[in-house]
Amino acid sequence: MFIAIIALSLLALGFGLLLGYSSIRFHVEGDPIVDKIDALLPQTQCGQCGHPGCRPYAESIAAGEDEINRCPPGGEATMIALADLLGKDPVPMDDEASVEKPKATAVIDEKECIGCTLCIQACPVDAILGAAKQMHTVIMDECTGCELCLPPCPVECISMVPVKVDTGNWKWPYPDGAETNEVTEATAG
Amino acid sequence: MHYPSTNRPARKLHRFHGGLHLPDNKAQSNGRPVEPAALPKQLTIPLQQHIGEVAHPLVSVGDRVLKGQMIARAQGYISAPVHASSSGTVIEIGEQPVPHPSGLSSPCIVIETDGLDEWVELPEPVVHFAQLDPSELRERIRNAGIVGMGGAAFPTSVKVTPGPETWIKTLVLNGAECEPFITCDDMLMREQADRVLAGVAILQHLLEPEQTLIGIEDNKPEAIAAMNAALETGGLSNTEVVPIPTLYPSGGEKQLIRILTGKEVPSHGIPAQIGIVCHNVGTAAAIADAVLENKPLISRYVTIAGEGIKEPRNLEVLIGTPASSLIGQAGGYTDAASKLILGGPMMGFTLHTDNVPITKAANCLLAASEAESPNPGPASPCIRCGQCAAACPARLLPQQMYWYAKAKDLEKAQEYNLFDCIECGCCSHVCPSHIPLVQYFRFAKMESWAREQEKRKSEHARKRHEARVARLERLEAERKARLSKKKAGLKKKTAAKKAGGEAKDPKKAAIEAAMKRAAEKKAKLAEEGVAPKNVEELTEAQQKQIDQADKRRAEAAEDTKQATQEPEDA
Ligand code: SF4
Ligand code: SF4
Ligand code: SF4
Ligand code: SF4
C-alpha cells in the first residue's frame, strides 16, 4: 500500500506537470478570466446551462451576468472550483442542476440507424463516425455524454448507456458522515 | 545496543513523527512452521494483480497449461505478466470476484487443476548470476511477474531500473512488518533467510549500492537472529540487519527510510530521488527464484489470523487459491469472527466474501473478532484536540484535511499535502470523536484523481470542439471560394458576350448573377441543410416520408454536385 501511494503521487505529479506544460504550450490568446472559467467547465457543450456552449457560459459568468451554479454535468465540484477561482461563496446548485446524473455515453443501435447523418451534425466533439446512408457509430472515448445527438435522430436509435464501474475506475465513496451537526459551509476557511 | 553477530558499533537510529504502539497480536500465527496449502480444485488468477496496465491473456478456454507457464503477458512498461500456479485446464476467462475494496469483479483466468502439479520446462538454473548482464537479470525479473509483495504490488522490474541519472546509495530491505497480526515476512525470514539474502545479492548487483540495510522490528527476535546467521555465511559486503523499535507504521517506506538513515523522502517524491530504494523481503526472495531458478512468482506466504480463525497460522499459498479454502485449512471460522479483512487491521480492507483468490500482494487474511476490529461507533464533531496531528507519521494536519475533504474542497485538501498521506489510519485510531478520517482521505484522493482525469478529458473535448468549429468554418470558406470562382467564370462569359457586340452593363450582369446564386443557395439549403425539428414520435407514414425525403435529398445532392462541377471544369 505504501509504495502504491508513492507511485500514485508520482504519477499525479507527472500529470500535473503535463497539464501545466500543456496549458503553456497550448495557450490561446484571449480574455484570461474567460479562459480560466472555461477551463473549469466540462466542455460537453450540452447547453444545459442555458447558453449555446461552455465558452459562452464562461463569458457570461465573467461578465457577471450568470451564476456559477448552472452546469449540471460539472455538478457541485465545478461550482466549488468556480467559487474558488472567482473568490465567491459557494451557492447551492440551480434546481435543474442539482441532481447529479451518472456518467453515460451515447450508443447507436446499429440495426436501427438509417444513416441520415443528423447526429453527426449535432455532435459538438465529432464523436460520431459515419457517412450518408451508412451505419453510424459513437466513439466511446470521445463522447462527452452531452445528449445533443438524441433529439435530431429521426428513428430514436441513440440511447445513453451509463459508464460501467470496474475496479479501474471505482472510487472510495464519501463517508456517510454521522457527524452531520457540523456546519457544511466549511469552505469559508 | 550491540549485536555481536555483526561486529559493528550500533547504528544510530532515527525516529519518525507520531506513530502508535499497538498490541501486535503476532503470537497468534507465528507459532507453527509454514506448510504448503493444499492444491485447490480451481485457481482463479486475476489479470491485474499489480499497479499499471492489465495483463493480456495468452491462453484460451480449453487450453492445458503447466505450472509456471506464462498465461498473460505484461502490457506496457508499468505492468506484470501472470503465470499458471499449477497445471490444469483453462475453463474460463472472464470476470470473477477479486479482492478489492469495491467488492467488484475483474477479469481472471480460471484453471481447473489436474493434481499433477506438472512444471513447464524451465531453462537451466543459473549459478553465477553476476556473470549475466544486468539487462538480462531485469528481463528475468520482469518475465517472472514480480511485484512488490509488501502490499504495494508495484512492478519490481520498474524499481530495479533506476534512471541513468539516479545513483542508489542505500538499498533498504523492508522486514519491519509493523502491522498487527501479520507474520508472513517474519516466518519467511526465519525459514528462508538464505533465499532472502540471495535476492539481496541480486539487487546489490543491479543497483550497486554503497550499503544495504535490512530493517526488522525488534518484536521479531527469531527473524533477526536467522537473518544475521545467514548473513554471516552469505558473504554479502556492507550489508547489515538493523533491529528497529516496534512502532506502527515503521514499515511505511518513508518511515523506514527515516528510521534507518535519518533522511526524509521529499513531499510528493520517491526514495530514488534521495538515492534510496526500498524492497520488501518477500520480493527479494521472489527475485532469487526468478533469477537463479527461472521460476516465476506463483506462490507466497500468507498469514491467516484473528480470533475468528480456529488455528491461526501461515501457509505457502499458490496465487489464485480461494481465501475460503485457506480458512478451511486453518481450522475454519470461530463464532467470534465478525469481519474478514485482507491485510492488517490498520491498512487492510474488508472483503465482501471469502470467495476471492489470493493475489501476489495479499499478505494476510484476518478474520477479526469485534474486539480486534471494533466498529468506531457514530462520529461526533471534531473538537480540534490535535491528537490526529500528533499521531500522524507523515507530519500532516489531518483535522485540516478532513475539514476540506468533508466540504469536498479538494484543492484546499491538497494544499495540506493530502497526497503525502499514507493511509496508515493512525489519525482515525486516536480520534476521540471517532471520525473516519482515513475514509475521508481515501475519498478525497480518489476524487481528486477522477477530477484530474476529467479535466484532461474536457481539455481534449475542448480541442475536438475547436477543431470541429474550425473545420466547419473552413468548409464554409471553401464553399464561398467555389462560388466566387463560379462568379468569375460567369463574368468571363458576359465579357465574351459583350465583345460579341451586344453591350450590356457589367454591373447589372453581376447583380443578376448574384441574385441567381442567392436563389440557388436558398433552394439548396431548403433541400438539404436544415435539420427537421419535430422528429419525435414519428408515425410509420411520417417515417416513410423521411426515408423518401432522404432519398430525394441524396439524388438532389448528386445533381447539384454535377451542376457545380461542370462550369468549374469548363
Ligand atoms: S455522441 Fe452524442 S452524447 Fe456523445 S458527445 Fe456526441 S452528441 Fe454528445
Ligand atoms: S441521427 Fe440516428 S438514424 Fe441518423 S445517422 Fe444518427 S443514429 Fe443514424
Ligand atoms: S483527533 Fe479527531 S477530534 Fe481531535 S482534532 Fe483530530 S479530527 Fe478533530
Ligand atoms: S492516515 Fe494519513 S493523515 Fe492519518 S495519520 Fe496516517 S498519514 Fe497521517
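Arg474(B) pairs with Glu478(B) in a salt bridge whose closest N and O atoms are 3.7 Å apart; the term denotes a side-chain nitrogen of Lys or Arg within 4 Å of a carboxyl oxygen of Asp or Glu. Both residues belong to helix α13 of chain B and are four residues apart, about one turn of the helix. Helices (H or I, at least four residues) and strands (E, at least two) are DSSP runs numbered from the N terminus. Arg474(B) is partly exposed, at a relative accessible area of 46%, and Glu478(B) is likewise partly exposed, at 40%. Here buried means under 20% relative accessible area, exposed over 50%, and partly exposed in between, with a 1.4 Å probe and protein chains only.

## Basis of the model

The model is predicted: local features need pLDDT of at least 70, side-chain atom pairs count only at pLDDT 80 or more, and totals for chains, interfaces and linings use all residues. Residues are numbered from 1 along each chain as its sequence is written, chains are lettered from A and ligands numbered from 1 in the order in which they are written, and side-chain values use heavy atoms, with hydrogens and water left out.

## Other salt bridges

Over all chains, the count comes to 30 salt bridges. One of them joins Asp38(A) to Arg462(B), with 2.8 Å between the closest N and O atoms. This pair crosses between chains, from helix α2 (residues 32–40) of chain A to helix α13 (residues 437–499) of chain B. Asp38(A) and Arg462(B) are both buried. They also take part in a network of salt bridges that links Asp35(A), Asp38(A), Arg55(A), Glu59(A), Glu459(B) and Arg462(B).

Within chain B, Arg64(B) forms a salt bridge with Asp114(B), the closest N and O atoms lying 2.3 Å apart. The pair links distant parts of the chain, 50 residues apart: Arg64(B) is in strand β4 (residues 64–65), and Asp114(B) is in the loop between β8 (105–113) and α1 (134–143). Arg64(B) is partly exposed at 42%, as is Asp114(B) at 29%.

## Ligand shells

Ligand 4 is surrounded by 13 residues, the closest being Cys392(B), Cys421(B), Cys424(B), Gly425(B) and Cys427(B); a residue belongs to such a shell if one of its heavy atoms lies within 4 Å of the ligand. Helices α10 (398–406) and α12 (426–430) of chain B each supply at least two residues of this shell. By class, the shell has 11 nonpolar, one polar and one charged residues, where Ala, Val, Leu, Ile, Met, Phe, Trp, Tyr, Cys and Pro count as nonpolar, Asp, Glu, Lys and Arg as charged, and the others, Gly among them, as polar.

Around ligand 2 there are also 13 residues, with Cys113(A), Cys116(A), Thr117(A), Cys119(A) and Cys153(A) the closest. That shell divides into 10 nonpolar, three polar and no charged residues.

## Cysteines of chain B

An unreviewed UniProt entry places the feature "binding site" at Cys392(B), Cys421(B), Cys424(B) and Cys427(B); such annotations may be inferred rather than shown by experiment. Although spread over 36 residues of sequence, these positions cluster in space, with a largest C-alpha distance of 10.5 Å.

Cys424(B) lies in the loop between α11 (410–415) and α12 and is buried, at 6% relative accessibility. Beyond its neighbours within four places in sequence, Cys424(B) contacts Tyr248(B), Pro249(B), Met346(B), Met347(B) and Pro393(B), contact meaning heavy atoms within 4.5 Å. Cys427(B), in helix α12, is buried at 8%.
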